[in-house]
Amino acid sequence: MSEPLKAVAVGTGLGVLLFLATNGVNLAPLLLLLAVAGVVAVSGGIRQMTGRTRIGATLRGGGASVPTVCFDDVGGQRAAKQELMEALDFLLHPDDIRRLGIRPLKGILFTGPPGTGKTLLAKAAANYTQSAFVAASGSEFIEMYAGVGAQRVRQLFAQARSLARREGRGSAIVFIDEIEVMAGRRGQHTSHLEYDQTLNQLLVELDGITSDDEVRVLLMAATNRADLLDPALLRPGRLDRIVQVDLPDREARRQILAIHTRHKPLAPDVDLDALARETFGFSGAHLESLCNEAAILAHRRRLEAIGQREFLEAVDKVLLGERIDRTLRQQDRRRVAVHEGGHALVSELVRPGSVASVTIVPRGSALGFVRQTPDDDPLLQTVTELRQEIMVCLAGSAAEHLAFGERSTGAANDFEKAWQIARRMVLAGLSKLGVVQEEALTPAQLYEAVTGILQEAEQATKALLEAHRGLLERLAGRLADAETLDGSTLREWLAEHSGRRVAEQVG
Ligand code: ATP
C-alpha cells in the first residue's frame, strides 16, 4: 500500500473509532483484536527482515558480489579443482553449450569432512567465472511455519538473479552450506510438511534453469552427510555433479601451510615439509588455525618472526587445546610420566622413528600426550600395522600396571581408540571370524572377536614392556624432569640408555 493511501486509511479508522466511542459503543474487544493483529504483523516483518539480512550478510565486498578468493588460494584438492573447472565451462562458454544442445549444468554438490575447503571452492568458482555469489546455510530455511522456508528459497534465487543483473553479470552462483538440513529425505521429519515444501521449492528452482536464461544460475551445495539427502535432489539433471573434497594429503598440507604463511614473517628454521609430515589428519581449517596459533605464540614471545618451535607447539594446541596451569599431585605426575613413557617406548619399539613428541604438560582434557607421525599417508594398513597401533594404545595402562601394580582411569580414551581399531579389523575380515557381514554379526560375536584381538595385543604389550622395564622407569624419570621431549631427542636418549639402538633390539 502506498504511503498517502496508508495515511487516509489510518485517519478514517481513527475517525470511525472516535465516532463509535462518543456514541457509547464498548470498544474494548475491538481494541484488543487490533493490538494482537499489530503484534503479529510487526513480528512477521522482523522475521522477514532478519531472513533477508542473514542471506544478504554473506555477500562480500560491499555490493561487488564476486568473492576475492581464487583457485590459487585453495591448497591441494587438485582433482576437485579440475572437476570443478571443467564443470564451470557451462558458465564461461554459454554459446558453445547452446550450439551443441548441451543441457545446462544446474547443480554441483561438494561432499567431504568439515573444514576441507568446500565453501572456499565455491567462492573460488564464483571468482573464476566472475559470477555474482549468494550464500546461505541450510538451517536458515527451516522454520516452524509452513511456507516460510520455500519463500526463502525463492528469495535466494531471485536475489542472485537481480544482483547479477544489477552488476551486469551473465551468471550467478547460489551456495547452500549444510544442505542436508533443508534437503533431507522427504517425509522423515515431524514437521515434514514444511521441510517437504522447502525442498520442493528448491527442486522447482533447479528445474526452472534453462540455457536461455538471461542470468545463468548455478546451485552449489555442501554437505558432510550426502547419505541423508533426498534422492530427488541428486537425480540426473539436478544436483548431479558430485565433487569429493577430502582431507589433504602430505603435499596438499604443505601447499595449504604455504598459503596461510605467505603473509607472515617466518624464521629461517621453518620447515613446511616437516610440518606437513607432522600434521597427518589435519583439515585445511586445522592448518589455518595452526598458522594463526603459531603467530600468536610468536607475538606472546615478542619475536620478530615465527620459528619452527612456535609451529610445533601450535600443532599440540590445535590438537588438544590450550595448555592448562594445573598442578598435579606428585604421585599423579609420576603416573602420567609412566603412562606416556609407556606409549612412547612401545611406539618406538614397534615402529622406530614414529614418535613426533611426548609430553606430560596437561592440555585440554589430556594430562599428557604422545603424538605419532605416520610413515606416509597410509591408504591401506596391514594386520601387523593395526596390531601395533593397538599395542601403542594399550601401552600406557600396561606401563602403569607394571610400575604401580594397578591401573587408573587415565586410559579410557586409549581403550576407546584400541576398541575402534579392533572393531575395524573384525569388520574388514581380519579377525579369526574371517570374512563377515556387519548386519549378520550378533553383538555378542562382535564383542568376542574384538576382545580377543585386544587381549592378544595386551599380552604382547605387557611382554614388551617387561623386557624393557628398567628403560621404561628411567624414561619416566627423564620425562618427569623435561616435561616434553621431541621425537629426535627421545630417540637419542633411548639409544644412549638402552646401550644399543632400540631399532636393532627389535630387529
Ligand atoms: P564446513 O563443512 O565445516 O562448512 P568447509 O569444507 O566448507 O567446512 P571452509 O569453510 O571452506 O571449509 O574452510 C574453512 C577455512 O579453512 C577456510 O576459510 C580456509 O582458511 C581454511 N581452508 C580449508 N581448506 C583449505 C584449502 N584447501 N586451502 C586453503 N585453506 C583452506
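Reader: In what order do the 5 strands form the open sheet?

Author: This is a predicted model, in which local features need pLDDT of at least 70, side-chain atom pairs count only at pLDDT 80 or more, and totals for chains, interfaces and linings use all residues. Residues are numbered from 1 along each chain as its sequence is written, and side-chain values use heavy atoms, with hydrogens and water left out. Strands are DSSP runs (E, at least two residues) numbered from the N terminus, and two of them pair if DSSP finds at least two bridges between them. The pairing is parallel, and the order is 2-3-4-1-5.

Reader: Which are the edge strands?

Author: An edge strand here pairs on one side only. That holds for strand 2 (132–137) and strand 5 (241–244).

Reader: Which residue in strand 4 stands opposite Thr111?

Author: Strand 1 (residues 107–111) pairs with strand 4 (residues 216–223) in the parallel sense over 5 bridges. Opposite Thr111 stands Thr223.

Reader: What angle does the direction of helix 5 make with that of strand 3?

Author: Helices are DSSP runs (H or I, at least four residues). Helix 5 (residues 118–128) packs on the sheet, touching strand 1, strand 2, strand 3 and strand 4; contact means heavy atoms within 4.5 Å. Axes are lines fitted to C-alpha atoms, for helices over the stretch in contact, and angles run from 0 to 180 degrees between N-to-C directions. The angle is about 175°.

Reader: Is Asn127 buried or exposed?

Author: Asn127 is found in helix 5. Buried means under 20% relative accessible area, exposed over 50%, partly exposed in between (1.4 Å probe, protein chains only). Because its relative accessibility is 19%, Asn127 counts as buried.
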